[in-house]
Amino acid sequence: MTTPFGTLNPSPRLLLGPGPSQISPRVLRACATPLLGYLDPEYLALMDETQALLREVFETKNAWTFCAPGTGMAGMEAAFINALEPGDEVLICVQGAFGERMVEIARRLGAKVTRVDTEWGRATQPEQVAEALRTARPKVVALVHAETSTGVLQPLEEIARLAHEAGALFLVDCVTSLGGMPVRADAVGMDIAYSGTQKCLGAPPSLAPMTFSPAAVEAYHARKAPVPSFYLDAGQFWRYWGPERAYHQTGMITMIYALREALLEVHEEGLAARSARHRRNQRALIAGLEAMGLTLLVPDPTWRLPSLTTVLVPEGVEDKAVRGALLEKYGIEIGGGLGRLAGRGGRGGRGGFGASG
Ligand SMILES: *Cc1c(COP(=O)(O)O)cnc(C)c1O
């Protein structure tokens, strides 16, 4: 049969933007593997392996470690909807577009939001959080580990300590850090952390790995009302991913194949080596950018996210035209500025597989 749509045949691309990133032939092959049923013992064994590998990459012993169906935003939504009830207080550190989204989600849930704002391109300082905690009594303190819109890597330990001292749960967005660098969920003291598969993990988009500490599970069970979203209810995820194996939604079969393969690649390379690779590639990229006379958005090198580099677009240069030319002439994708940085920042260089930096 001939169709008016022709054959599926996308042009070759080198994906160096903020995501999706390049995936390996091995992960691609996993996507073309025949389906199993969602309760097939062979599939359940693959789920268990995926869960073990997720615990390894998060560096956690948390039982509640699984994937929410959907991209990173489903992880963000699930994290907040499971942690907060209407009227609950939440303190959110905002230093970029994804912090802004946390605020929006928490507000829609009817939570009372205290913001701690930091100039975009910089990291939140523990003193700012300590100051806010003098008056705020949040149930949750939330922030983004790797703010993809600015390229800032947020130090976490001190803020985690302050959150716990205030009796709050510590909720962290690890979408652009998980798989690219150690996130050390247990050592840092993360209570709820979520990620996405298509960034540093090097799998296609549409799963959101998540983990809940025992304290977060306890808070979940102490809710006054059930989670208002049935689909994103973490307790329901656990009923399928845990020993009960109860039907909640159809297993994400093909995506689990792909994620398991991508996690095996992380396991084989090792988190330390992977993180060092990003740092090394980033040094080379920055040397080249600086030689061209370009300025980076993040002034302090210790705050630069190794897996993503942000460049200020020079006066008189149209970023859209540069990105268009890179794509058309070389098949290379990089990202444009997001939110407040639209038209001002170019973002490049995530990589699970192949080039990055
Ligand atoms: C990409 C990203 C998200 C959202 O993930 P999607 O997969 O686009 O839904 C959330 N937080 C951060 C920090 C991100 O980089």
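By the rule used here (a side-chain nitrogen of Lys or Arg within 4 Å of a carboxyl oxygen of Asp or Glu), the count comes to 18 salt bridges. This is a predicted model, where local features need pLDDT of at least 70 and side-chain atom pairs count only at pLDDT 80 or more, while totals for chains, interfaces and linings use all residues. Residues are numbered from 1 along each chain as its sequence is written, and side-chain values use heavy atoms, with hydrogens and water left out.

### Exercise 1: a salt bridge

Find out which parts the salt bridge between Asp 48 and Arg 245 ties together.

Solution. Start with the pair: the side chains of Asp 48 and Arg 245 form a salt bridge at 2.6 Å, N to O. Next, place each partner, with helices (H or I, at least four residues) and strands (E, at least two) taken as DSSP runs numbered from the N terminus. Asp 48 belongs to helix H2 (residues 41-58), and Arg 245 to the loop between helix H9 (234-241) and helix H10 (253-269), so the bridge ties together parts that are 197 residues apart in sequence.

### Exercise 2: the domain interface

Third, count the pairs. Between domain 1 and domain 2 there are 0 salt bridges. The interface does have 6 residue pairs in polar contact, both residues at pLDDT 80 or more. A polar contact is a pair of N or O atoms within 3.5 Å; within protein, one must be able to donate a hydrogen and the other to accept it, and residues adjacent in sequence count only if both atoms are side-chain atoms.

### Exercise 3: the ligand

How many residues surround the ligand, and which are the closest?

Solution. Counting a residue when one of its heavy atoms lies within 4 Å, we get 13 residues around the ligand, the closest being Thr 71, Thr 148, Asp 173, Gln 198 and Lys 199. Now look at individual distances to ligand oxygen atoms. A polar side-chain atom of Lys 199 lies 2.7 Å from one. For Thr 176, a side-chain N or O atom is 2.9 Å from a ligand oxygen. Gly 72 uses its backbone instead, with an N or O atom 2.9 Å from an oxygen atom of the ligand.

### Exercise 4: backbone details

Solution. The cis bond joins Gly 19 and Pro 20, with omega about 0 degrees. Pro 20 sits in the loop between strand S1 (14-15) and helix H1 (25-31).
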